[in-house]
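Hi,

Here is the structure I said I would pass on. Have a look at it first, and then read my notes below.

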Amino acid sequence: MTVHFIGAGPGAADLLTVRAVTLIRASPVCLYAGTYLDPEVLAQCAPDAELVDTQHLDIEQITERLARAHRSGRDVARLCSGDPSLYSALTEQTRRLDALGIPWDVTPGVPAYAAAAATLGVELTVPELVQSVVLTRTHARSTAMPESEALAGFARTRATLALHLAVTRVRPLAAELVAEYGADCPVAVVYRASQPDELVLRGTLADIADRVEAADLRRAAVILVGRALTPAVDCVTSHLYDPARERIG
């Protein structure tokens with residue numbers, strides 16, 4: 001018996017990986033967070049699979065469900081929104097499974113920021129403009145951020161920012177970023193990227209808060225900030241594709 005932590009992607013069922021679909025179909029038990037998941041993803045489960053929505057369960061209750069499946073010799077598909085490497089509580093769960101001697105593995109998925117960039121049709125790294133992407137979140141009512149990871153510090157890099165779990169604080173965030181990025185810096189907020197009710201809000205640091213508040217967005221949104229989002233952004237040709245690059249062989 002194995003607990004399979006599976007990246008369910010940003011929500012769309014057709015963005016599941018082939019490996020993810022194979023494991024979901026073969027697992028007699030499926031734990032998922034109903035808050036963020038497109039119901040079509042669950043259509044991949046076997047007709048007789050036990051489905052457990054974890055949105056109202058705490059970590060100990062989730063662990064008990066996993067342990068119960070282990071005791072009965074049943075594999076579990078533990079679906080994580082986006083990719084398990086980001087904000088999935090993977091560490092909290094796997095350390096408990098290790099203590100119980102329950103085997104587990106991880107299958108990656110499409111992260112929400114990548115789905116958001118695809119919706120916008122943008123590359124988050126543009127030659128000689130920006131070559132780094134910072135994936136971070138902010139502190140609201142959730143777990144505190146380490147002091148060394150203050151948003152102002154990341155802003156000084158002027159990298160493209162992908163802010164998760166932050167849409168309810170978009171106004172103070174925008175105000176904090178203006179000093180480094182400028183009030184005219186492009187911002188995009190993508191709500192439920194890849195899902196049927198996807199919503200895209202475009203603006204700048206000067207006006208994006210007004211747009212988000214007017215749309216009453218409160219969760220399931222990624223905020224992208226940076227000059228790479230500039231429409232028809234001008235850039236040099238990267239060295240890899242430069243016609244003047246010296247070819248060998």
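Which residue in β10 is the bridge partner of A162? It is L224, and I'll come back to that pairing in a moment.

First, some housekeeping. This is a predicted model, so to speak only of what was kept: local features need pLDDT of at least 70, side-chain atom pairs count only at pLDDT 80 or more, and totals for chains, interfaces and linings use all residues. Residues are numbered from 1 along each chain as its sequence is written, and side-chain values use heavy atoms, with hydrogens and water left out.

Helices (H or I, at least four residues) and strands (E, at least two) are DSSP runs, numbered from the N terminus. Strand β7 covers residues 160-164, with T160 in it. Two strands count as paired if DSSP finds at least two bridges between them. β7 pairs with strand β6 (residues 133-137) in the parallel sense over 5 bridges, and there L135 stands opposite A162. With strand β10 (residues 221-225), β7 pairs in the antiparallel sense over 3 bridges; this is where A162 meets L224 as its bridge partner.

Is β7 buried or exposed? Buried means under 20% relative accessible area, exposed over 50%, and partly exposed in between (1.4 Å probe, protein chains only). 5 of the 5 residues of β7 are buried, so the strand is largely enclosed by the rest of the structure. Both of its faces are covered, with T160, A162 and H164 on one side and L161 and L163 on the other. T160 has a relative accessible area of 0%. Leaving aside residues up to four places away in sequence, T160 touches L124, V130, S132, V133, V134, V225, A228 and L229 (contact means heavy atoms within 4.5 Å).

**The five-stranded sheet**

There is also an open sheet of 5 strands, in the order β3-β2-β4-β1-β5, with parallel pairing. β3 (50-53) and β5 (104-107) are at the edges with a single partner strand each, so one side of each has no neighbour in the sheet. From one strand to the next, the twist averages 20°. Strand β1 (residues 3-7) pairs with β5 in the parallel sense over 4 bridges, and I6 stands opposite T107 of β5.

Two helices to look for here: α1 (residues 18-26) packs on the sheet, touching β1, β4 (76-80) and β5, and its direction makes about 140° with that of β1. Helix α3 (residues 59-71) also packs on the sheet, touching β1, β2 (29-32), β3 and β4, at about 170° to the direction of β2. Axes are lines fitted to C-alpha atoms, for helices over the stretch in contact, and angles run from 0 to 180 degrees between N-to-C directions.

**A helix pair**

The axes of α7 (residues 170-181) and α8 (residues 208-215) come within 9 Å and cross at roughly 170°. V170, R171 and A174 of α7 make the contact with I208, A209, D210, V212 and E213 of α8.

**Cysteines**

A search of the whole structure finds 0 disulfides (pairs of cysteine sulfur atoms within 2.5 Å). For C30, the nearest cysteine sulfur is that of C45, 3.9 Å away. C30 is buried at 1% relative accessibility, and C45 is buried at 11%.

Cheers
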